[in-house]
Amino acid sequence: MSLLDTRVPAVLLRTDRNPFHHGTLGAVRSLGRAGAEVHVVADPTGSPVRHSRYVRSMHVPPPPGASAQQVLAVLRRVAGRVGRPAVLIPLDDATAITAGRLRDDLAPSYLLPEMPATLPERVADKAELAAVCAAADVPHPLTLVPDSPRRATADAHRLGLPLVAKWSRPWLLPAGGGLRSTQLVHSARQAGELYARTAEAGSPLLLQEYLPPGADRDWFFHGYADRAGAVRAGGPGRKQLSWPRGAGLTAVGHWTPNPEVRELAERLTGELGYRGVFDLDFRRCGTTGRYHLLDFNPRPGAQFRLFADSAGLDVVRALHLDLTGRPLPAGDPVAGRSFVVENYAPFAALRTAPGGRELAWYARDDRAPGWAMWALWARHVSGRLRQRLVPAASPVPRPVPRAATSSLTDNEKASS
């Protein structure tokens, strides 16, 4: 008998066009292996996910930056093709925020957790998060929101250098604009220059106290808050390796018991009345030892499959079970279990894992996405290498028209 109610399909939604988003594949496999029919609303171009045996169908997604009405129109079209109510699982912040606001409009075609419509947006907004943490007494790095370039330079001096610059609503950043959601700032002048691009970024600039990385300092917590508010499934994990190093996504993570991180996660979601899947990032201060919340993602984190317990429960399955009225099985944590993203940590993928391990891309029962990923990754890496090794072509000077030569000075004529 399947763990899930297999009469209820799942629809995965993502507008982010990153083809290397392994969390999407993790959700496809988790639900598909449990017998659910899985539909994916995401860009299929070059995506390894579309090769998974567990994908029933791919659907054209809304464009990046789509309005709520555009997202609603796409989801209604997909609902017509699916033909019966489905559990909706947003996989990026933009779609989680929009789905929260559209919950009433999406019913009864889609099942979503019940919580305040604006709560996903509130916790994903990095400026709002600072106030949320203060109200819940959860440590958070000192954060300032400058209102002018001059104030940005002054705030940089106040916080000390280096510091962290973040855009309050990173899902609004324009593609290809060169702006990063988070970056390290090394001078007050750089802070002022970033502030000058506020209109382009689409949301306020935040300047934040820098907590240096180090061994045993980067942690995360994935969980599911059920209809009663109890945190089920998931658990605390330690980031052993990130990509890029020291500041990026989890390339190697370990399920590691940490009562303090769990207590912070449960306190925060309880104070907020949050319901559904969430992913929290923490960094432990090397001076005080306190765990500071850096990010609250109102959707599954890419490495959520790390937390598959002894009963086979993870946060995505917990969501499906709870929304379809089924009980969640009581499993035990699998402390020591590891999760490895092969393209970012290939050597870690080759090592033995005494506590058990799951790879992001390779799976014996679903090999095609892994093969497709390596082919795509090879093209990606070779393209980046060509950009670095081949110098940009020098601009060819435009010839000076004969009629214009009389306007040159004697020195200019000599040099030409």
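A: Let's start at Arg 122: apart from neighbours within four places in sequence, Arg 122 is in contact (heavy atoms within 4.5 Å) with Glu 128, Leu 129, Val 132 and Leu 272. Bear in mind that this is a predicted model, in which local features need pLDDT of at least 70, side-chain atom pairs count only at pLDDT 80 or more, and totals for chains, interfaces and linings use all residues. Residues are numbered from 1 along each chain as its sequence is written, and side-chain values use heavy atoms, with hydrogens and water left out.

Arg 122 sits in helix α5, residues 119–124; helices (H or I, at least four residues) and strands (E, at least two) are DSSP runs numbered from the N terminus. Arg 122 counts as partly exposed because its relative accessible area is 38%, where buried means under 20%, exposed over 50% and partly exposed in between, with a 1.4 Å probe and protein chains only. Trp 377 lies 255 residues away along the chain, and its C-alpha atom is 35 Å from that of Arg 122.

Now for the sheets. Five strands make an open, parallel sheet in the order β3-β2-β1-β4-β5, where pairing takes at least two DSSP bridges between strands. Strand β2 (residues 38–41) is joined to β3 by four parallel bridges, with Val 38 opposite Val 55. Helix α2 (residues 68–82) packs on this sheet, touching β1 (10–13), β2, β3, β4 (86–90) and β5, and its direction makes about 150° with that of β1. Helix α11 (residues 315–323) lies across β1, β4 and β5 at about 145° to β4.

Strand β9 (residues 205–208) has antiparallel partners: β6 (residues 143–144) over two bridges and β7 (residues 163–167) over four. Leu 207 of β9 stands opposite Leu 144 and also opposite Ala 165. Leu 205 and Leu 207 point one way, Leu 206 and Gln 208 the other, and all are buried.

The structure holds three cavities of 30 Å³ or more; on a 1 Å grid over the protein atoms alone, a cavity is a set of points where a 1.4 Å probe fits but cannot get out, a pocket is an open set with protein on both sides within 12 Å along at least five of seven lines, and lining residues have an atom within 4 Å of a point. The largest cavity has about 220 Å³, the space filled by probe spheres set on points joined across faces, edges and corners. Of its 21 lining residues, Pro 90, Leu 112, Pro 113, Met 115 and Pro 298 are the closest to its centre.

Methods
Axes are lines fitted to C-alpha atoms, for helices over the stretch in contact, and angles run from 0 to 180 degrees between N-to-C directions.
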